[in-house]
Every structure is written in C-alpha cells, then in structure tokens.
Amino acid sequence: METTHSFGDRAVFAFGKHTGKIFKYAPRVLKDQDPEDLHQLRVGVRRLRTAVIGFMPAVQLPQGITERKIGKIGQQLGVQRDNDVLQEILLHKYLPHLPTSEQGCLEKVLKRLQKERKQAFKATYKLLTHDKFTQFKQSWEIWLEHPHFTSLGGLAIADVLPDLLLPQLSQFFLHPGWLVGTEIDPDTNSSNRRRRCINLSPTAIETLLDGEESILHDLRKEAKRTRYQMELFSDYFGEEYQQLLAQVKMTQEILGNLQDSFVLRAMVEQYLDVDLKQLCPQWSAIFHGDRLGYWDQWQPLQSQFIDPVYRHHCRQLVQNPLVNSDQPTSSNL
C-alpha cells in the first residue's frame with residue numbers, strides 16, 4: 001500500500017500513476033486494435049492534467065511539463081476518440097432500431113466518419129511518434145526520479161485539502177448552467193429567494209435545449225474538472241464524500257449524453273444535407289425521445305444541486321477530511 005503523508009508526496013504518487021497509464025497505453029494506441037486503448041490513454045492524460053493543476057502549489061516542474069501542453073495532447077487525442085464514440089453510438093444505439101428505409105442514411109454517415117477517422121488516426125500516430133512526445137516522456141521520468149518541491153510540498157496533505165477542493169467546488173456551484181430551466185420559487189420570501197426547476201412541455205424543453213446547449217456543455221466540462229479534482233483525494237473522506245462524487249459524475253454523464261445527442265443530430269443533418277425529420281422521421285423521433293429522457297434524468301439532480309442547504313453541506317464536507325497522519329489508500333486516484 002502506497003504511503004503518502006505530505007502534499008508533495010501525494011503529487012509524486014499521482015503523477016507516477018497517471019504517467020504510467022499514459023506511457024503504457026500509447027504503444028497500444030499505435031497498433032490501433034482496440035478503441036478502448038485510446039480511451040484509457042485519453043483518460044490518463046486528462047487525469048494527469050487535473051493532477052498538475054491541483055498539485056502545482058507543491059511542485060516545481062521543468063519547462064517541458066505544463067498544464068497547457070498536457071491539455072493540448074488531450075485535445076489532439078480527442079478528435080479520434082470523439083469519432084470512435086460517435087460510430088459506437090450509431091452502430092449500437094440507433095442502427096438496430098431504424099427501419100430499413102432509414103438505415104441507408106445512417107450507413108452513409110458511418111462511411112463519412114470512417115473516412116475521417118483514418119485522418120484522425122494519422123494525426124494521433126504523428127503525435128505519439130513525434131520527438132516532442134518522447135521528450136515529454138523523458139521529462140516525466142527524470143522528474144519522478146528526482147522530484148522538486150516548493151516550500152508548500154512538505155505540508156501535511158490533510159491540512160491543505162479544503163484549500164485545494166473548495167475553489168473548484170465554488171467554480172462548479174457558480175456556473176450559470178445550473179440556472180437553465182429554473183425560476184425563482186414564488187413560495188419563498190424576499191430575503192430567501194430560492195430557485196426551483198420549471199415543469200416544461202416537451203416542445204418547450206426542445207426549444208430550451210436548442211438555445212442553451214453551449215452553456216450546458218460548459219457545465220458538463222466543469223463537472224468533469226470537479227470530478228477529477230475530487231477523485232484525487234477521495235480516499236481522505238468518508239461515504240458522504242463518495243456520494244457527492246457520484247452526483248458530480250452523474251452530472252457529467254447526463255449532460256454528456258445531452259451533448260452527444262445534440263452533436264450527433266447536427267452532424268447527421270450536415271452530412272446528409274437534409275432536415276432529418278423529413279428524411280428519417282423514425283430516427284428523428286428517437287433523437288427527440290432521447291433528449292427528453294435525458295432532461296427528465298437531469299432535473300432531479302439539478303434540483304438537488306441548486307438547493308442552498310445541500311450546497312452548504314457539500315462545502316462543509318470537503319472542509320473536514322477524516323485523516324491526519326493516517327496512511328490513505330490510493331485506489332481512487
């Protein structure tokens with residue numbers, strides 16, 4: 001079991017774990033035999049980026065290692081990964097449920113995606129075989145062998161956890177996406193004006209989602225950042241923290257499903273150069289039903305997170321880690 005007592009020690013362990021995953025899966029991605037390899041590589045890059053942001057006050061990294069450079073790698077990998085995901089959705093979620101007359105349209109879209117994926121893989125291959133990626137790997141290996149810390153690196157990790165987690169939680173709570181589809185509850189008094197979710201018709205939901213897609217997508221990204229930051233330290237907290245983390249993850253997943261549905265429909269209509277409702281009414285109806293279903297899943301979660309009492313509880317939770325000098329497990333990193 002890995003022992004991590006200080007802020008700096010925890011940074012070394014996190015960086016080692018995530019870089020190990022990246023450099024394990026990179027050679028597999030080059031073989032292009034399983035889409036899951038690219039997914040695992042991209043997850044490793046994302047988690048490493050979050051770890052660098054979270055632990056930056058404790059460490060001194062070389063010029064070749066920056067949050068921006070790590071983010072750029074993840075962005076480049078994302079082109080191929082997004083293509084893989086869209087193909088997976090088309091093949092397994094939609095194709096089996098379409099009439100024969102509409103399956104031909106879907107297959108046209110698949111052929112276009114498959115062509116684009118070949119180009120995306122070429123870019124991925126170039127990225128992972130370039131000297132810059134080799135230098136990136138070497139920089140990490142050298143640093144992990146002889147890590148350098150700031151004066152804050154020696155602080156006990158439990159003492160700094162609230163200062164690490166509260167800023168990201170605040171960013172999450174202050175995102176305007178939480179207000180989409182809500183109103184001031186008229187039953188609350190003027191000094192305590194709380195918000196509630198609005199009960200909308202299916203048509204109104206579609207109109208709302210069409211207009212607020214970008215802000216909800218941005219909230220999804222904030223949820224992802226919050227989730228990754230919280231997962232860095234989940235073994236320093238108890239069951240309630242795990243429940244909060246699960247809610248944040250659910251926020252990311254539901255909003256991600258909404259975003260995927262929006263992007264996929266827009267892409268299909270662009271590729272086919274038609275109004276999907278006219279050309280493929282069954283497929284269009286499935287898209288419509290999916291979005292309404294995701295919205296139904298979203299509103300109870302949204303209602304919970306806009307509750308001031310629940311937010312206060314979350315803030316209190318991250319300010320009270322369960323350990324002082326105990327040795328945490330690190331399975332959730």
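This is a predicted model: local features need pLDDT of at least 70, side-chain atom pairs count only at pLDDT 80 or more; totals for chains, interfaces and linings use all residues.
Colleague: Which helix gives the largest share of the positive patch?
Modeller: The patch of positive charge lies on the surface and gathers Arg-68, Lys-69, Lys-72 and Lys-132. One of these residues, Lys-69, is found in helix H3. The largest share, 3 residues, comes from residues 67-94, that is, from helix H3.

Colleague: Is Lys-69 buried, partly exposed or exposed?
Modeller: Buried means under 20% relative accessible area and exposed means over 50%, with partly exposed in between. The relative accessible area of Lys-69 is 43%, so Lys-69 is partly exposed.

Colleague: How far apart are the closest N and O atoms of Asp-32 and Arg-117?
Modeller: The structure holds 17 salt bridges, and Asp-32 with Arg-117 is one of them. A salt bridge needs a side-chain nitrogen of Lys or Arg within 4 Å of a carboxyl oxygen of Asp or Glu. For Asp-32 and Arg-117 the distance between the closest N and O atoms is 2.8 Å.

Colleague: How many residues apart are Asp-32 and Arg-117?
Modeller: Asp-32 sits in the loop between helix H1 (7-31) and helix H2 (35-55). Arg-117 belongs to helix H4, which covers residues 100-129. The pair links distant parts of the chain, and its separation is 85 residues.

Colleague: Where do Glu-116 and Arg-112 lie?
Modeller: The side chains of Glu-116 and Arg-112 meet in a salt bridge, at 3.4 Å from N to O. Glu-116 is partly exposed at 33% relative accessible area, and Arg-112 is partly exposed at 37%. The two residues are 4 residues apart, about one turn of the helix, and both lie in helix H4.

Colleague: Are the rings of Trp-283 and Phe-287 stacked, tilted or edge-to-face?
Modeller: The structure holds 22 aromatic pairs. In one of them, the ring centres of Trp-283 and Phe-287 are 5.8 Å apart and the planes stand at 20°. Planes under 30 degrees apart count as stacked, so the pair of Trp-283 and Phe-287 is stacked.

Colleague: How many residues apart are Trp-283 and Phe-287?
Modeller: Trp-283 and Phe-287 are both buried. They belong to helix H10 (residues 281-305), where about one helical turn separates them, because their spacing is 4 residues.

Colleague: Which residues do ring pairs link into a cluster?
Modeller: Two rings pair if their centres lie within 6.5 Å. Ring pairs build a cluster from Phe-7, Phe-15, Phe-55, Trp-140, Trp-143, Phe-149 and Phe-233.

How values were computed: Residues are numbered from 1 along each chain as its sequence is written. Side-chain values use heavy atoms; hydrogens and water are left out. Patches are made of residues with over 30% relative accessible area and no salt bridge: like charges are joined within 9 Å, nonpolar side chains (Val, Leu, Ile, Met, Phe, Trp, Tyr) within 5 Å. Accessible areas come from the Shrake-Rupley method with a 1.4 Å probe; for residues, only the protein chains shown count as cover. Lys and Arg count as positive and Asp and Glu as negative; His and the chain ends are not counted. The place of a charge is taken as NZ of Lys, CZ of Arg, CG of Asp or CD of Glu. Buried means under 20% relative accessible area, exposed over 50%, partly exposed in between (1.4 Å probe, protein chains only). Rings of Phe, Tyr and Trp (its six-membered ring) pair if their centres lie within 6.5 Å; planes under 30 degrees apart count as stacked, over 60 as edge-to-face and the rest as tilted.
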